[in-house]
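Have the 3D view open as you read.

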Amino acid sequence: MSYCVYKLENDKNELYFGMTKSPNKRWSDHMKNARDNGTCSSKKLWYDGDTVVAMQELEWFDTKEEAHEREKELIQSNNCVNKLKYDFDYKTYKKEYLEKNKEVNAQYHKEYREKNKEVIAEKRKEYDEKNKVKISEKKKIYHEKNKEKKNADSKEYYEKNKVKINEKKKEKIECNTCGSIVRRDCMANHKKSKKCLQTSAAAI
Ligand SMILES: [Zn+2]
C-alpha cells in the first residue's frame, strides 16, 4: 500500500482531491503552494489567513495506476477546485465564452474600430504596401485555382439554364441605333450591317 488518495477540504466545504506517496510531505507542499501563490489549484481553498483547510487520507493503493484511477473518479464525480484537471476542454470553453459574450464582444470591436479608424487604415495601407508582391502573387494563384472551377460552374449554369438562355438569345429587341427589330444574338452583327451603319452615320 504505497499510494494514498486524499482529500483537502476547507471550512466552506470546498474540495480538492489528490494522490501521493507521502501525505505529510504533500500537505506541506500544498501549504507552501498556497503561501507562494503556486500553480496548484489547491491554493483556491486558502482564501485568507482565516480559512481552515484539512487533509484527509481516503484510501491507499498498491499501484500508482489504481490510485490515479480513484483520484480521477473522485475529481470527476465531485465539485472540486481541481475539476478542470480532467474536465476542462479549452475548445468548448472558448466556444461557450464567445457565444455568451457575442454581443459584448461585437460592441467592443465596433467601438474599437470606430475609435481607431485612422490607425487601422494606416496600418492596413502599410501592410498592403509591404506585402504588395506577396498579395499579387496570392491573387494570381487564387485566380489560377479558381479558373477551372469558374469554367466548370459556368458550364453547369449553362446546362441548367440552357432553355432559358437560348430563349433569351432568340428574343427580338430593338436596335438602339436604327430602331430595327433584331434577334438578341444577331445584334452585334446587325450593328455592322449597312443599314444600321448608314443610320448611325446619318445621325452624326
Ligand atoms: Zn441598327
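In this predicted model, three strands line up as an open sheet in the order β2-β1-β3, and their pairing is antiparallel. The edge positions go to β2 (15-20) and β3 (53-61); each has a single partner strand, so one side of each is left without a neighbour in the sheet. From one strand to the next, the twist averages 20°.

Now zoom in on β1 and β3. Strand β1 (residues 3-10) runs antiparallel to β3, and 8 bridges join them. One such link to look up is Tyr3, whose bridge partner in β3 is Phe61. Helix α2 (residues 64-77) packs on this sheet and touches β1, β2 and β3, with its direction at about 175° to that of β2.

What about the rest of the chain? It holds 9 helices and 5 strands, and from the N terminus they come in the order β-β-α-β-α-α-α-α-α-α-β-β-α-α. The chain is more spread out than a compact globule, because its radius of gyration is 38 Å, well over the 17 Å that the globule rule gives for 204 residues. Its C-alpha atoms fill a box of roughly 110 × 45 × 35 Å along the principal axes.

| Domain | Residues |
|---|---|
| domain 1 | 3-87 |
| domain 2 | 89-130 |
| domain 3 | 138-167 |
| domain 4 | 171-204 |

How many Å separate the centres of domain 2 and domain 4? Taken over C-alpha atoms, the separation is 56 Å.

Conventions:
Residues numbered from 1 in each chain as written. Predicted model: local features only at pLDDT ≥ 70, side-chain atom pairs only at ≥ 80, totals over all residues. Domains from an automatic or database assignment. Helix = DSSP H or I, 4+ residues; strand = E, 2+ residues; numbered from the N terminus. Rg over C-alpha atoms; globule rule 2.2 N^0.38 Å. Pairing = 2+ DSSP bridges. Axes fitted to C-alpha atoms, helices over the stretch in contact; angles between N-to-C directions. Contact = placed C-beta atoms within 7 Å.
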